[in-house]
Amino acid sequence: MKLIGLTGGIASGKSTVARMFAELGCPVIDADRIAREVVEPGTPALAEISRRWPNFIKGDGTLDRAALGREVFADASSRAELDSIVFPRILERTLERSNELDRAGETVALFDAALIVEKSLDAGLQGLIVVTVPEATQLARLVSRDHLANEDARARIASQLAIAEKLKRARWVIDNSGTLEETRRQVERIWAEIEPSS
Ligand SMILES: Nc1ncnc2c1ncn2[C@@H]1O[C@H](COP(=O)(O)OP(=O)(O)OP(=O)(O)O)[C@@H](O)[C@H]1O
Ligand SMILES: [Mg+2]
């Protein structure tokens with residue numbers, strides 16, 4: 001089975017594009033969803049996190065992801081620490097999902113993840129799709145989706161690897177600055193190339 005990466009900056013439209021591929025019949029492995037699953041109550045990752053950051057466990061035993069996110073966003077060394085707890089589990093789960101899809105007879109799947117290039121995961125993939133939008137569009141969509149202050153949205157964008165670095169690794173580029181219909185047409189073209197039999 002071919003596993004194709006899908007990446008891009010925050011709020012560039014990865015989930016939107018992933019949904020379009022899913023509508024065409026392409027199975028999608030969603031890294032954000034896996035990142036939530038690996039810290040659910042009862043997981044080894046949550047146990048480690050609660051030893052290190054006990055204040056971020058809510059009354060019902062779940063992780064306060066937003067508060068922990070703010071904490072580590074402000075401090076690179078705690079971010080690295082959190083990454084070292086969570087990241088191996090995300091990878092493990094991703095490989096499990098990929099093997100399940102393969103066993104189920106799928107010939108291609110999409111791995112939707114923001115940090116593919118940062119974490120050099122593209123080496124293990126059979127191609128990378130990068131979604132791109134001008135920074136002004138990215139900022140406007142991020143502010144409107146997450147109700148962030150302009151300044152906070154800017155800080156989030158600035159904390160990521162420059163899109164130019166991601167584009168260097170891209171086999172396919174999707175320009176998501178236009179209408180959803182324009183994006184869908186690009187998705188259909190790429191899908192025809194990845195999965196010509198469909
Ligand atoms: N072509 C488009 N036209 C208008 N709005 C769009 C378009 N594509 C995406 N959006 C909107 O922009 C916002 C960001 O899109 P989306 O959530 O797909 O990005 P993402 O890359 O998955 O973000 P994240 O990095 O947070 O996972 C959403 O509110 C989405 O509905
Ligand atoms: Mg997303």
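Leu-6 stands opposite Asp-112 in β3. The model is a predicted one, in which local features need pLDDT of at least 70, side-chain atom pairs count only at pLDDT 80 or more, and totals for chains, interfaces and linings use all residues. Residues are numbered from 1 along each chain as its sequence is written, chains are lettered from A and ligands numbered from 1 in the order in which they are written, and side-chain values use heavy atoms, with hydrogens and water left out.

Strands β1 and β3 run parallel and are joined by 5 bridges. Strand β2 (residues 28–30) also pairs with β3 in the parallel sense, over 3 bridges; Val-28 has Leu-110 of β3 as its bridge partner. Two strands count as paired if DSSP finds at least two bridges between them. Strands (E, at least two residues) and helices (H or I, at least four residues) are DSSP runs, numbered from the N terminus.

How many residues of β3 are buried? The count is 5 of the 5, so the strand is largely enclosed by the rest of the structure. Buried means under 20% relative accessible area, exposed means over 50%, and partly exposed lies in between, with a 1.4 Å probe and protein chains only. In a regular strand the side chains alternate between the two faces of the sheet. Val-108, Leu-110 and Asp-112 point one way from β3, while Ala-109 and Phe-111 point the other way, and all are buried.

The largest pocket has a volume of about 1800 Å³. Its lining is made of 48 residues, and those nearest its centre are Asp-32, Arg-65, Ala-114, Leu-115 and Gln-160. Two or more lining residues come from each of α1, α2 (31–37), α4 (65–73), α5 (76–103), β3 and α6 (135–146). By type, the lining of the largest pocket holds 23 nonpolar, 10 polar and 15 charged residues. Here Ala, Val, Leu, Ile, Met, Phe, Trp, Tyr, Cys and Pro count as nonpolar, Asp, Glu, Lys and Arg as charged, and the others, Gly among them, as polar.

The second largest pocket holds about 170 Å³ of space. It is lined by 13 residues, of which Glu-135, Gln-138, Ile-157, Ala-162 and Ile-163 are the closest to its centre. Both β4 and α6 supply at least two residues of this lining. The lining of the second largest pocket divides into 7 nonpolar, 5 polar and 1 charged.

## The cavity

A search of the whole structure finds 1 cavity of 30 Å³ or more, and the largest cavity holds about 30 Å³ of space. Its lining consists of Lys-14, Asp-30, Ala-31, Asp-32, Asp-112, Ala-113 and Ala-114. Of these lining residues, 3 are nonpolar, none is polar and 4 are charged.

On a 1 Å grid over the protein atoms alone, a cavity is a set of points where a 1.4 Å probe fits but cannot get out; a pocket is an open set with protein on both sides within 12 Å along at least five of seven lines, and lining residues have an atom within 4 Å of a point. Grid points are joined across faces, edges and corners, and a volume is the space filled by probe spheres set on the points.

## Aromatic rings

The count comes to 1 aromatic pair. Phe-21 and Trp-191 form this pair, which is edge-to-face, at 6.3 Å centre to centre and with 75 degrees between the planes. Phe-21 in helix α1 (residues 14–23) and Trp-191 in helix α9 (residues 180–194) are 170 residues apart, and the pair links distant parts of the chain. Both Phe-21 and Trp-191 are buried. Rings of Phe, Tyr and Trp (its six-membered ring) pair if their centres lie within 6.5 Å; planes under 30 degrees apart count as stacked, over 60 as edge-to-face and the rest as tilted.

The charged end of Lys-119 sits over the ring of Phe-87, 4.7 Å from its centre, and that of Arg-156 sits over the ring of Phe-73, 5.5 Å from its centre. The rule asks for NZ of Lys or CZ of Arg within 6 Å of the ring centre and within 35 degrees of the ring normal.

## Backbone points

Ala-11 is not a glycine but has a positive phi of about 60 degrees. Ala-11 lies in the loop between β1 (2–8) and α1, and is buried, with a relative accessible area of 13%. Ser-120 has a positive phi near 55 degrees; its place is in the loop between β3 (108–112) and β4 (128–132). Ser-120 is partly exposed, with a relative accessible area of 45%.

Pro-88 is in helix α5 and is partly exposed, with a relative accessible area of 45%. The C-alpha atoms of Pro-88 and Val-38 are separated by 9.9 Å, the two residues being 50 residues apart along the chain.
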